[in-house]
Amino acid sequence: MAKKNRMVNEINAGSMADIAFLLLIFFLVTTTIAEDKGVLVKLPPWSDEPPPEMKLNTRNVYSVLVNASNQLLVRGEPMDIKTLKDNTKIFISNPQKLENMSEDPAKAIISIKNDRGTQYGTYLEVYNELKAAYNELWEEAAMVKFGKPLDELNKTQRSEITDAIPLVISEAEPTKFGEEK
Amino acid sequence: MSKFKKKQGNAQPAISTASLPDIVFMLLFFFMVVTKMRDTELMVTTNTPQASELTKLEKKTLVNFVFIGRPTPKYKDKAGTKPRIQLGDKFANPDEIPLFLEKFKTTVPESQRQAIITSMKVDSEVTMGIVGDVKTSLRKAGQLKINYSAKSRERTK
């Protein structure tokens, strides 16, 4: 009888693996593991008027120029990008209270100027090194002040540190000497 | 030696494959979860540079993308070999960015519009001229939060 047969029948699960494999391979192929990370930057608002002339003490300004052949000129002297971060840190914190470096971390200003022919990779590397300098200074300050790493501080403690060493990176209009590729 | 000889000739029991579907399903679910379907086809090469000071983009719905790079071989005939901007699924000029941003804004609730971030996926070979034009255009459109997409690396010593 039909009823008896139904009791005996079992669904063959042998092909389940094949089906799962098929789906697996489909997802493997379409997958792009999201790498949505990047250097966060806040641009200054646009204004049609030329920016007001500010009288800045030159000792507080750290000017970084990047030319069309990706070379650095920092405060009038060529520099290797590998030493940029350490030099920036020294400039901001000025541990020896030198005359030609920032009076106070709160007054230090970093100024970047690039050329239209500068490679984007180099530009971002420079920006990254400058940001790294600030991050390291914040981390050191957090250890000294609160005895804790920066990411374990609460909001008020964090802002206390970032207010003492504010990140000020100003970008000038790029020059137009180099060739755009 | 005799130990090894004894085993020879004995019929080996077949390895049970009953757990194979389970393992495969586990992998399948993993990939289903991490998968993010690519909604637009990339028409430019965007080999992003490496950087160490990275911020993660948390809310995917608040992020719009601007791609800059050389057109891929498929689009070389149409778009040339010079670096181009890709907005959504087509090539664009810097002056089309404000409209693109406005269109994106309509998909975001009004209370969250301040938090919109533009992610710039730019090829590291591209020169700053075109990037500067895009930056100026973004500033004029009032979109000031941007994120230069990059691969992560260790901080230099």
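Select helix H4 of chain A, residues 120-146. H4(A) lies across strand E1 (37-42) of chain A, along with strands E6 (117-122) and E7 (145-149) of chain B. The angle between H4(A) and E1(A) is about 75°. Keep in mind that this is a predicted model.

Now show the strands. They form an open sheet of seven with mixed pairing, in the order E2(B)-E1(A)-E7(B)-E6(B)-E3(B)-E4(B)-E5(B). The edges are E2 (55-56) and E5 (90-92) of chain B, each pairing on one side only.

E1(A) and E2(B) run antiparallel, joined by two bridges. Pick Gly38(A): Thr55(B) in E2(B) stands opposite.

E4 (residues 84-87) of chain B pairs with E5(B) over three bridges, in the antiparallel sense. Leu87(B) faces Lys90(B) across this pair.

Next, select helix H4 of chain B, residues 97-105. H4(B) lies across E3 (63-69), E4 and E6 of chain B, at about 150° to E3(B).

Finally, colour the interface. Chain B brings 57 residues to the contact and chain A brings 50. The buried area is about 5,000 Å², with 61% from carbon and sulfur atoms.

Inspect Asp133(B) with Arg116(A), a salt bridge whose closest N and O atoms are 3.1 Å apart. H5(B) gives the largest share of the chain B side that touches chain A, 10 residues.

Technical notes
Residues are numbered from 1 along each chain as its sequence is written. Chains are lettered from A and ligands numbered from 1 in the order in which they are written. This is a predicted model: local features need pLDDT of at least 70, side-chain atom pairs count only at pLDDT 80 or more; totals for chains, interfaces and linings use all residues. Side-chain values use heavy atoms; hydrogens and water are left out. Two strands pair if DSSP finds at least two bridges between them. Helices (H or I, at least four residues) and strands (E, at least two) are DSSP runs, numbered from the N terminus. Contact means heavy atoms within 4.5 Å. Axes are lines fitted to C-alpha atoms, for helices over the stretch in contact, and angles run from 0 to 180 degrees between N-to-C directions. Buried area is the accessible area (1.4 Å probe) that two parts lose on being put together, summed over both. A salt bridge is a side-chain nitrogen of Lys or Arg within 4 Å of a carboxyl oxygen of Asp or Glu.
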